[in-house]
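Please read the following walk through the model alongside the sequence and the coordinates. The overall build of one chain comes before the annotated spans.

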Amino acid sequence: MTTETLTERPARSTLFDGLTKYIPIGATVALLIVMYLGGIANFKNFDSAQVIAGLFIDYAPLLVIAVGMTFVILSGGIDLSVGSVMAFSTMACAWLTVDAGISAPLAMVLVLAFGTLWGLLIGAVIHYFNVQPFIATLVGLFLFRGLTLQISDTDVSMREVDFWQWGMTHVEFGGKVRDGGFWLPYLSFVAFAVVIVAFVILHYTRFGRGVYAIGGSEQSALLMGLPVARTKIGVYAVSGFCASLAGVLAAFATKSANPLANVGAELDAIAAVVIGGTLLTGGAGFVLGTVAGVMVWGLLNTLIAFHGGLSSWWARIVMGVLLLAFILLQRVLARSGEKRRT
Amino acid sequence: MNSYAKRLMWPVLILVALIVVNIAATGIDFIIPSVNDGRLGGAFVNILRRSAPLMLIALGMTLVIATKGIDLSVGAVYAIGAAIACQMIIGQEDQSAAGLIFSAVALALVVTAVIGAWNGTMVAYFGIQPIVATLILMIAGRGIAQLITGGQIPKVQDSSPFTQLGRGEIFTIPLPIWIAALVFVAIALLTRKTALGLLLESVGGNPEASRLAGIRSKGITVLVYLVCGLCAGLAGLIGAANLGSADANNGGLWIELDAILAVVIGGTALLGGRFYLLGTTIGVVIIGTLEDTIINVGLSSQWQFTAKAIVVFAVALLQSPEFRGWILKPFKPKPEAAAPAPAPAEEVPAK
């Protein structure tokens with residue numbers, strides 16, 4: 001615990017100082033360990049390494065959008081459009097390669113560029129026209145769900161295009177699964193790469209510092225001479241890119257596009273970010289916490305799948321309870337932080 | 001033109017334009033109600049009837065937004081209300097017993113009011129941001145509804161009087177319209193003929209200043225979330241009664257977004273401090289009419305989402321002083337160098 005005795009510091013910057021800032025993430029990691037040990041104690045085969053690896057296969061797209069969401073939430077905003085942008089990107093991949101006959105790598109680049117451009121546009125609207133992020137990104141939620149349904153209201157298969165086989169090509173570690181090894185497909189490595197790049201950007205670049213500063217106090221960031229416009233628009237571009245990349249990963253994983261896929265993915269991503277220890281008001285949090293948050297969500301679903309008797313809606317209820325616990329924990333820490341100052 | 005009429009001008013113009021488009025596409029019958037089998041019908045009356053659940057939720061949402069809050073959980077509360085009532089009714093042999101229907105409706109309303117009060121307590125007493133506090137139930141709520149229905153879709157017998165809540169009529173006017181109108185009048189009287197409305201706006205403007213001025217702002221915050229939960233529960237009952245079943249997954253899906261959209265179209269800013277119940281009403285009718293317009297002009301129903309996106313975008317931009325300043329700049333006379341000032345200046349008294 002630091003012992004500065006500044007009296008005029010704004011309350012928010014004192015929220016998580018010293019070791020206190022690691023309490024939420026510590027709680028998440030502890031929760032993960034408890035869940036994992038509980039799984040091993042109750043279910044046969046839960047200790048297989050593939051159970052953990054499986055999290056990074058099934059939840060790789062969610063991980064990628066949650067990383068993008070972390071940027072937006074750290075800056076004090078929110079992005080409701082990610083689920084729809086992701087579904088649209090998958091559908092666009094299918095449409096461009098199957099119907100329009102464009103070569104798959106080019107289609108992928110187009111989709112990623114489009115997602116980033118959309119993020120830039122919505123970020124510019126939010127910043128320059130001072131529209132609330134909630135409302136501005138709501139446009140994306142409706143627009144891309146509508147466009148996806150207009151491209152096709154049924155499943156589109158991409159099985160004929162060889163390129164989409166690449167994502168599930170896998171690498172084995174430590175031998176076959178039955179010999180205690182595990183395997184990961186290429187798309188998991190893409191997700192890992194996104195996490196590493198995001199970590200480096202957030203903690204070791206000017207842009208990353210700017211994101212934290214704006215989330216802490218936009219007014220102060222502006223007065224400090226930080227590039228507020230560039231940073232604010234940038235986080236939505238990052239989120240748009242991540243959402244479209246998640247869509248591409250989903251195309252790799254399923255080799256088909258469903259117009260109603262990922263309804264509510266934005267909520268899962270927000271929940272994962274909060275459980276990962278990021279403050280929803282912005283300014284405090286870690287991208288690695290988000291990874292832990294996504295793992296909690298994945299492990300929860302895996303546990304329910306192993307149990308077999310429970311319905312998947314229990315996952316949502318437990319997630320709500322966890323969210324409540326973490327939000328209250330953040331509140332308590334914030335209050336004690338305020339008290340210590342005064 | 002006073003500021004209130006000015007606020008309502010744009011929504012009314014949009015609504016009139018939509019109605020004109022519909023009349024052009026389907027003929028004058030669109031707007032003229034007809035009486036079939038002792039019941040008021042016609043395309044426009046049907047729109048009003050179908051919009052009743054959205055109307056109820058949007059009214060509750062207006063009050064919440066007036067206090068600078070937001071309630072994302074209404075869709076989930078809608079599903080919970082519907083699930084409780086339907087599950088309770090199908091559990092009994094005689095699904096037509098008046099006592100059963102009454103207690104099912106009462107239980108659903110009490111539970112949804114408690115859920116609303118819980119949201120309000122989180123916001124007022126734990127100091128959690130409204131968007132976060134209500135997000136919890138938005139995520140968990142549909143799971144709870146599934147828990148109540150056991151993952152099934154309970155179907156109430158068509159003969160049960162419960163379905164009258166959605167399908168019945170009194171004096172030839174459909175019951176859902178009556179309920180929505182009554183709730184509107186009750187809320188309007190409570191907020192405009194008593195001090196409550198003023199207190200609400202005061203809490204939305206500045207909760208801490210209101211508290212210091214002697215207003216019990218925490219109690220008022222809990223109250224508006226309670227009313228919003230209650231409205232969502234009632235909307236769920238009407239929706240379930242209309243369908244005769246409660247779908248925990250899809251009942252009231254995205255209704256929270258439609259409700260927020262209706263409130264914003266009606267001129268209530270998300271920043272709190274001012275609210276326009278009549279504007280919200282017009283917003284709801286616009287959304288309802290928009291859905292029909294898309295079909296009537298011959299577009300596929302998938303255009304609905306796209307059309308809504310365009311409406312949200314247009315409304316968000318039109319309400320932004322920065323955008324208006326930017327777009328009107330070329331039209332401002334050059335000599336008056338200080339011209340950009342009047343546009344924002346007009347906004348100041350309106351806020």
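Helices (H or I, at least four residues) and strands (E, at least two) are DSSP runs, numbered from the N terminus. This is a predicted model, in which local features need pLDDT of at least 70, side-chain atom pairs count only at pLDDT 80 or more, and totals for chains, interfaces and linings use all residues. Residues are numbered from 1 along each chain as its sequence is written, while chains are lettered from A and ligands numbered from 1 in the order in which they are written.

Chain B contains 15 helices and 4 strands. Its radius of gyration is 21 Å, close to the 20 Å that the globule rule gives for 351 residues, so chain B is as compact as a globular protein of that length. The radius is taken over C-alpha atoms, and the rule is 2.2 Å times the number of residues to the power 0.38. Among the 351 residues of chain B, 49% are buried (20 or more other C-beta atoms within 10 Å of the residue's own, with C-beta atoms placed from the backbone; exposed means 12 or fewer, partly exposed in between).

UniProt, in an unreviewed entry, lists transmembrane regions in chain A, including residues 22–43 and 183–202. Its positions are given in the numbering used here, feature names are shortened, and annotations may be inferred rather than shown by experiment. In chain A, residues 22–43 are 91% helix and 0% strand, with end C-alpha atoms 31 Å apart. Residues 183–202 of chain A are 85% helix and 15% strand, and their end C-alpha atoms lie 30 Å apart.
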